[in-house]
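Okay, thanks for coming, everyone.

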Amino acid sequence: MKNFNLRDFGADIWERSNRPVRVAIVIVVIGLVAMMPYAGAGFLATPIAAYDAVIVYPVAIFVLMSLGLNIVVGKSGMLDLGYVAFFAIGAYTMGFLGIHTSLNTWEIMPIGIGLAMLAGVMLGLPTLRLRGDYLAIVTLGFGEIIRIVALNVSWTNGPNGISGIPMPPDIGPLKFRLDDQKVFFWVVLAMILMTIWMIRRLSVRRPGRAWEAIRQDEDAAELMGVPTLKYKIWSFTLGAAVGGAAGVLYGSKNLFVAPEMFTLNVSILILACVVFGGIGNIWGVIVGGVILGYLPDRIRFISDARLLVFGLVLVVVMNFRPDGLLPRKKREKALVKKGANS
Amino acid sequence: MSKTLLKLENLTMKFGGVTALNEVNLEVKEGEILALIGPNGAGKTTVFNVITGVYQATSGSVLFDGHNLVGRKRFQITGLGVARTFQNIRLFGDMTTLENVITATDVHKKSGLVGSLFGTPRARREERENRTKALEILEFIGIDEYSDRLAKNLPYGVQRRLEIARAMGTTPKLLLLDEPAAGFNPQEKVELATTIKKVRDAGYTVLLIEHDMSLIMGISDRVAVLDFGTKIADDSPTVVQNDPRVIEAYLGVPADAS
Amino acid sequence: MNKKIKASAAIVAAFALSLGAFAATSASAATKTYTLAYQGPLSGGEASTGIDEQNGVKYAIKVFEAANPGYKINLVSVDDEGDPAVASKVAPGVGTNRKIIGLVGPAYSGATIASLPYYKAGNLTVISPSATRVSLTDPKSATVKSDYGRPIFHRVVATDDKQGPALAKFAIKGLTAPKVFVFDDQSSYAVPLRGYVEAALKKIVGASIVGSGDSVPNTTTDFSPTIAKIKTAGATVVIYTGYYSQAAVFIKQLRDSGSTAVFAGGDGVFNQEFAKLAGKSGENARLTGVAGLSDVDPKLEADFKAKMGVSSGVYAVESIDAANIFLSGILNGKTTRAAINKWVKSYSGKGLGGTSLKFNQHGDISEGGFAGFLVTGGKLVNQGAVV
Amino acid sequence: MFTVFIDQFWQLTISGIALGFIYVLIALGYTMVYGVLRMINFANSEIFMWGTFGAIVASRDLFRYNQTTEPATGGKLALVLFIQLFAAMAFAAVVSVIVELAAYRRLRARGTNRLATLISAIGMSMVLSETMRLMTDSRPVGSPRILEKVILTEVWGAQIRLDTLITIVAAGAIFIILERFVKLSRMGKAIRAVSMNEDAAKLMGINLNRVITVTFLVGGLATGAAGFFYVTVYEYTKFNIGFTMGLAAFTAAVVGGIGNIRGAFFGGVFLGLAEVYASAILGTQWKAVTIFIVLVLVLLFKPNGLFGEAVQQTRA
């Protein structure tokens with residue numbers, strides 16, 4: 001019992017299972033998570049904020065963004081403090097195209113993702129040569145620049161923001177409704193699953209190795225033939241793509257975007273989700289996003305002091321679990337099989 | 001006479017006011033083991049750093065297999081067939097032994113991120129090829145039993161060997177070994193000497209920095225000596241050993257014990 | 001005392017359900033409980049605005065409960081931090097919480113726009129004491145039709161397009177050929193207001209706008225570049241459309257730089273705190289705003305202080321007015337969302353300040369203008385309505 | 001576009017330098033901690049904010065100054081200002097040491113990843129600013145006017161005001177004292193030794209924990225002094241002022257080359273001027289954008305900041 005650890009426990013079950021059992025586990029887990037909107041009656045209920053809204057935003061969207069940021073910070077070790085920029089680009093793309101064209105959310109989605117990726121490349125090309133804290137401050141600045149530009153140019157409607165953004169069109173029997181946000185939750189869940197799929201795919205193949213090598217020793221990686229700048233930009237761009245996708249959906253869910261929604265605080269909060277849950281570990285990051293997204297609304301009863309409590313929680317958890325709640329630690333045994341079926 | 005693989009011409013490297021390398025000329029022939037020796041601070045590792053593109057030479061050229069390496073990106077140089085190990089071990093600690101080597105084998109593969117993401121046939125094939133090749137290399141170096149251990153948890157000697165294996169993963173024509181025997185006991189040194197010879201016999205050319213004279217005498221075809229950034233000797237081991245300038249360089253400046 | 005009543009009321013209510021006979025014997029305690037909500041920033045950087053407004057609502061409820069024994073009004077505090085992102089998180093819960101039959105707020109226009117879709121979906125009537133953005137009640141608003149809040153949105157405060165001209169007129173009152181410099185604080189309140197002020201100034205013969213203005217992010221404390229612009233432009237009047245705390249910092253720096261230009265600000269600056277923070281430099285500042293509780297009736301202010309333990313803040317009158325409209329509806333038996341909505345739409349009465357409260361079809365009160373105030377001896381002195 | 005800039009050039013320059021000197025002192029807090037820990041002390045901005053409150057508490061509660069009190073003169077003025085400065089520095093230094101103990105010490109002892117430390121520091125800055133917010137009811141707090149802001153003279157059309165002059169002279173003096181301390185004192189030498197090579201410093205028998213605590217203390221003193229000048233010049237503070245000032249000062253530290261004390265000086269002055277000039281030319285709303293573009297350009301051409309060379313070499 002002394003060495004019990006949830007991550008290893010879970011991984012053990014996974015390894016002992018054969019393919020059909022694994023498929024079954026995956027389906028059951030996804031099914032259970034998809035039921036989450038129905039679980040709001042009891043202990044989980046959030047005072048004031050509607051539970052079904054809270055699990056879409058912040059919880060699910062935080063998880064999605066944390067997974068995206070984790071590609072940048074966790075996988076390839078670059079500190080990005082301006083992640084909100086890509087979220088904002090996605091949201092504003094949705095806002096602008098949503099009210100000025102007849103495109104719907106799903107048609108705008110690829111455009112938003114594309115623009116976010118473009119911004120990622122444009123920012124990445126000159127700056128990703130910088131290291132560590134310098135990169136952090138430059139990305140931070142980029143996040144602020146996007147917000148300030150949104151505040152000062154006319155097509156974003158300045159500080160008034162863009163309102164009246166259309167909701168996504170119904171998907172068959174699934175109808176998007178304001179007073180019942182289950183469908184939004186399922187859509188974000190699907191996006192989260194796609195992101196997890198993408199990260200897992202890439203992790204065991206060449207890009208994952210390249211990122212891992214860059215994170216651990218960038219010079220050695222380059223000398224072993226890893227085109228580091230290229231993979232850093234890829235990492236940055238994929239992170240941007242996820243952020244942009246989250247932004248598009250957020251715009252369409254929120255029906256309103258304004259510059260004050262995209263402050264540095266969002267970047268920091270998402271980074272906190274990543275580090276808090278367990279940097280580099282998909283499951284840890286998800287746990288981080290869920291807890292940090294959900295907690296402030298759950299503890300609304302302490303009303304005015306909740307940000308204080310939130311800060312204290314960050315300090316305490318980081319001091320006692322510096323690698324996060326579910327840390328990244330490769331298990332040596334596990335890799336034999338994983339390698340075999342990749 | 002076999003063909004010249006690497007040729008340094010009048011290579012000069014200055015850091016601010018300090019001249020680390022001064023007009024160094026050096027040739028490495030295909031298939032030989034050339035040892036580069038010299039007292040500490042003589043500029044041996046600087047030679048490696050210039051060849052591999054870590055430093056940009058102040059003047060002079062580095063010709064490798066028909067290409068001038070000066071001004072190329074580091075990963076491109078590796079792609080052309082130059083690979084190195086590090087004096088202070090710089091493995092990817094959180095990766096397994098096997099993954100360390102696979103990371104290096106990626107350099108000649110074509111499939112990129114998109115292929116990997118969607119699992120194109122080529123990407124899948126290349127993953128398989130990489131794996132097979134990496135396992136072969138580990139077996140060749142004799143550390144295949146550790147293939148699934150994390151690099152940071154390996155015994156010291158295995159880490160040193162993994163450095164060589166990882167460099168071999170890039171399929172180099174020229175292998176630069178930076179003090180591969182540092183910290184080894186005599187027994188391990190003998191084993192390492194065997195390995196290096198085996199590597200050469202497998203068709204690799206080796207340029208080696210080393211302090212241990214007996215190891216060098218045992219395996220090198222030729223020895224070049226650097227002192228204060230200048231090449232002072234370049235000949236067969238026995239000749240170099242008796243060269244008065246070399247002796248002076250070593251006695252004049254206390255040699256490092258290792 | 002209050003607690004005791006609550007407890008006994010609860011007990012009685014419980015008994016009333018199971019033992020009808022018993023309830024009949026204690027008719028006097030047949031408490032009717034209804035729920036209203038207040039929405040505004042109750043935490044975060046803007047919290048003071050929300051807390052002041054909520055105190056107004058609480059005060060109105062206290063007075064109501066004291067005057068009408070047998071009624072118990074619960075107030076749900078909806079904290080949107082003044083932030084539209086937070087508002088869209090809390091609004092769905094309020095929209096679907098059927099217990100809430102009316103909502104005072106939201107305090108800020110951005111948060112209002114983010115919340116409205118959910119309240120429209122739930123047919124929850126809201127009366128805002130302080131959201132002044134024009135588009136909320138303007139069906140023709142070109143870019144943002146969706147901001148239009150009908151049928152649920154109402155407000156008991158005049159809009160920016162009324163304040164803009166008032167502020168412009170009051171700022172240059174009694175000056176010949178004033179050269180006006182206008183700047184804002186980048187906020188969603190200040191930028192549109194600046195637009196209305198400038199539009200009004202252009203129509204006033206003799207007045208001219210000088211310089212290119214400025215937009216100073218509200219985290220700035222060093223105004224020297226703005227002051228340099230004012231001096232270069234040779235402005236004789238400076239109008240700031242932001243909030244009081246920045247205004248106080250600015251006016252000190254302006255005066256210290258030797259400038260004697262007239263300073264004017266809108267209802268964001270209109271706050272006793274401005275006079276306090278600005279000290280001597282704030283003297284003779286011209287502000288437009290709506291009369292506060294102490295202006296309306298000092299006795300009322302004293303009562304407020306006695307009941308709430310703190311002085312009333314800005315928008316206290318509006319908050320109390322808004323709450324009173326709902327409370328009178330409840331007293332008249334309008335206790336569902338639909339009934340309350342009808343009640344508010346057809347409401348006609350007088351507010352504390354004597355303004356007639358009657359909503360037009362867009363949700364605006366027809367009356368209600370801005371008064372001009374002059375900072376004199378550290379106090380905001382009412383100069384009467386600006387016409 | 002440039003009329004204001006040309007017309008008011010000297011006035012803007014003086015204002016920029018005064019603002020820059022405040023940045024210098026805050027940047028010093030960032031840069032010193034960075035030197036020994038290789039960490040951005042994210043909480044430094046809040047330490048600054050607490051410093052401003054220290055200055056206000058001293059004048060308001062100790063000397064019973066309020067908004068209507070006449071400004072002090074003569075000896076009393078010097079005394080009040082000195083006590084205010086002392087209080088601001090003491091407040092900030094105490095908070096700074098607390099931050100070190102609560103957010104950094106344990107993590108450093110375990111030698112864990114930098115990001116955990118960063119998040120811990122972010123958590124700590126939330127705690128600091130939220131505590132102050134609750135204590136002040138989210139309201140801005142004005143400082144009574146202690147110093148009459150007389151215009152001493154005009155040079156090339158620029159006003160030399162007393163508070164500007166005091167800020168430049170006194171902040172410059174404090175900077176020099178701290179710089180000398182780090183250069184010459186035993187403790188300062190230990191700090192520099194740790195900055196250059198932590199392991200070697202340990203081997204030389206330097207008590208690392210003590211050095212780090214002293215670094216935070218000194219950094220806090222500098223940052224607190226900045227708080228005092230801020231209050232004296234702007235006569236205002238609020239629980240959330242730390243962020244903007246901290247961000248600018250941090251940028252200044254990076255532009256100058258973080259970890260380098262002289263770099264903090266030039267970076268701070270540079271940033272103060274850049275901010276004021278950009279605001280005058282492009283409009284204050286583009287101030288932050290201009291600064292960041294300048295920052296990116298500086299980093300692209302001098303990747304370690306203008307004075308960052310020394311640090312980079314020891315790190316490589």
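Let's start at one residue: D:Ala225 touches D:Leu25, D:Leu85, D:Ala88, D:Met89, D:Ala171 and D:Ile174, leaving aside anything up to four places away in sequence. By contact I mean C-beta atoms, placed from the backbone, within 7 Å.

Quick housekeeping: this is a predicted model, where local features need pLDDT of at least 70, side-chain atom pairs count only at pLDDT 80 or more, and totals for chains, interfaces and linings use all residues. Residues are numbered from 1 along each chain as its sequence is written, with chains lettered from A and ligands numbered from 1 in the order in which they are written.

Back to D:Ala225. Along with A:Val188, D:Ala225 has the most contacts inside the largest nonpolar core, which has 421 residues. Such a core is a set of buried Ala, Val, Leu, Ile, Met, Phe, Trp, Tyr and Cys residues joined through C-beta atoms within 7 Å; buried means 20 or more other C-beta atoms within 10 Å of a residue's own.

So which chains share the most contacts? Of the four pairs in contact, that's A and D. There, 30 residues of chain A meet 33 residues of chain D. On chain A's side we get 21 nonpolar, five polar and four charged. Here nonpolar is Ala, Val, Leu, Ile, Met, Phe, Trp, Tyr, Cys and Pro, charged is Asp, Glu, Lys and Arg, and the others, Gly among them, are polar.

As for chains B and D, they don't touch, and their nearest C-alpha atoms are 12 Å apart. Chains B and C have no contact either, with closest C-alpha atoms 34 Å apart.

Methods
Contact = placed C-beta atoms within 7 Å. Buried ≥ 20, exposed ≤ 12 C-beta atoms within 10 Å, placed from the backbone.
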